[in-house]
Amino acid sequence: MQFKVSKSSTLNAELTVPGDKSISHRAIMLGALTNGPCVITNFLEGEDCLSTMEAMRKLGVQIEHPESGTVIVHGCRGKFTAPASDLDCGNSGTTVRLLSGILAAQPFRTRMVGDASLSQRPMRRIMQPLAQMGARLTAEGARETLPLVIDGGPLAGIRYEMPHASAQVKSAILLAGLFASGKTTVVEPGPSRDHTERMLDYFLVRTIREGNEITIHGGQTLESRDFKVPGDISSAAFWLVAAAAQPGASLLIDNVGLNSTRSGILDVLVRMGARLREIVEVVDEGEPSGAIEITGAKLTGTVIEGEEIPNVIDEIPIIAIAAALAEGKTTIRGASELRVKETDRIAAIASNLRAMGVEVVEFDDGMEITGAKRLRGARLPSFGDHRIAMAFTIAGLFADGETIIDNVECVATSYPSFEETLRLVRSGKAIRRKPAGERGTVGASVERNRTGAST
Ligand code: S3P
């Protein structure tokens, strides 16, 4: 399947985006650890989250899917049954890494497999701490890669200093810590998304944060509760950039997650010159959510590095498109993790941007992009990576001539309705019905100005 796009008219739209991928994975896994039924709404039916759902079913968890977006997980207090066959994690790093933390404590053997991309991705990062806690993990792949065999058993709490900021590694250890004797402490070298901690708290299991250390005491049971998944800011990011880079454009995205460990994209776009308003409406589900209103402008280049990187790691492909459309240079450093995502995203971005006429200097840990006066339409590979496919589709909306993205089936990993929204945006049918000022519940509204300071 291909996407074919060409220059679009000025974007003026009001949209919602599907449920958050990271949170949907956790809703299923944590729901299964509770002591009863949990009704999860706005669940993302992306392939990655469906992989988690199927894996949990194979572990004996009863999961109903009565209608689109609603899933009922019958919590079994984390007492699973040995699966009859391998757990297929598909393309999903979150499935394999988070689930490893739970499986490390089960009194049986499991074997996890994945697709060609996932089978290249490093697993040592979770194998090492989980082995320290007492599990036996064997990677059958050539470079500590999948298939991963876990012989679980009794675990003992550890204190673990993570070499890199990673929410997946942190989560795997905290989930294992829930089953371990004593306490388990994870030390983060820098902040990473905190959905696992927030959701554990929501299900009434306390994690204790002291500075960059997070501690969990083993032996606690999660209380079953219903949970609404907010919209995915990583999916919203594609439309945010489409609007931000187009002077005169205006976009409102409602019901989107605004967790500050995920909303770095907003800071980046404000630094680049976009005018933006965040309206936080819901905070009581453990995850803040609300609306983002953005007005397009002529963007200028920026620098993204250090502690900001984990916050925007999944948005770098679309930020690179904003950089290509901006005046001047944008530098991204300290992002070598991009080399081991669904594809080598540094190489993929550089190669596709160059095909569109953009000057890119590649570093081991990032890139420097010189904003182009014009983008040239091109035929581009997706590299089988959902975020590369979507980012370059947005680039095509700004390019001269036609842009074709090949093999876009991968988009279903995180955003199955992307094409439908693209069509709505392009046809002008996603037009706002009411001006933002007339909208209903408005809680704390934060306006971020040109310098990034809140007003
Ligand atoms: C995720 C964490 C991030 C992110 C990934 C989802 C999660 O990975 O890139 O898409 O749900 O915890 P790392 O924690 O490995 O950086």
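Tutor: By class, the shell around the ligand holds 2 nonpolar, 4 polar and 4 charged residues, where Ala, Val, Leu, Ile, Met, Phe, Trp, Tyr, Cys and Pro count as nonpolar, Asp, Glu, Lys and Arg as charged, and the others, Gly among them, as polar. This is a predicted model, in which local features need pLDDT of at least 70 and side-chain atom pairs count only at pLDDT 80 or more, while totals for chains, interfaces and linings use all residues. Residues are numbered from 1 along each chain as its sequence is written, and side-chain values use heavy atoms, with hydrogens and water left out.

The residues that surround the ligand are S22, R26, T94, S166, A167, Q168, R193, I313, D314 and K341, a residue being near a molecule if one of its heavy atoms lies within 4 Å of it. From the backbone, an N or O atom of Q168 lies 2.9 Å from an oxygen atom of the ligand. From side chains, an N or O atom of D314 is 2.7 Å from a ligand oxygen, and an N or O atom of K341 is 2.6 Å from a ligand oxygen. The protein covers 94% of the 380 Å² of accessible area that the ligand has on its own, with areas taken from the Shrake-Rupley method with a 1.4 Å probe; for residues, only the protein chains shown count as cover.

The ligand sits in the largest pocket, which is to say that more than half of its atoms lie within 2 Å of the pocket's grid points; a pocket is an open set of points, on a 1 Å grid over the protein atoms alone, where a 1.4 Å probe fits, with protein on both sides within 12 Å along at least five of seven lines. Two or more residues of the shell come from each of α1 (21-33) and α5 (167-179), helices being DSSP runs of H or I of at least four residues and strands runs of E of at least two, numbered from the N terminus.

Within this shell, R193 belongs to the loop between β11 (183-187) and α6 (195-202), and its side chain makes a polar contact of 2.9 Å with that of S22. R193 is buried, with a relative accessible area of 11%, where buried means under 20%, exposed over 50% and partly exposed in between (1.4 Å probe, protein chains only).

V340 lies in the loop between β19 (329-332) and α11 (345-355) and is partly exposed, at 28% relative accessible area. Helix α12 (residues 386-396) is mostly covered, with 11 of its 11 residues buried, and D385 caps its N-terminal end through a side-chain oxygen 2.9 Å from the backbone nitrogen of R387.

Turning to backbone geometry, most residues other than glycine have a negative phi, and most peptide bonds are trans. R77, in the loop between β5 (70-74) and β6 (87-88), has a positive phi of about 55 degrees. In the loop between β8 and β9, E144 has a positive phi near 50 degrees and is partly exposed at 34% relative accessibility. P147, in the loop between β8 (136-139) and β9 (148-151), is joined to L146 by a cis peptide bond with omega about -5 degrees.

Conventions. Polar contact = N/O pair within 3.5 Å; in protein donor to acceptor, adjacent residues only side chain to side chain. 1 Å grid on protein atoms, 1.4 Å probe; cavity = no way out; pocket = protein on both sides within 12 Å on 5 of 7 lines; lining within 4 Å.
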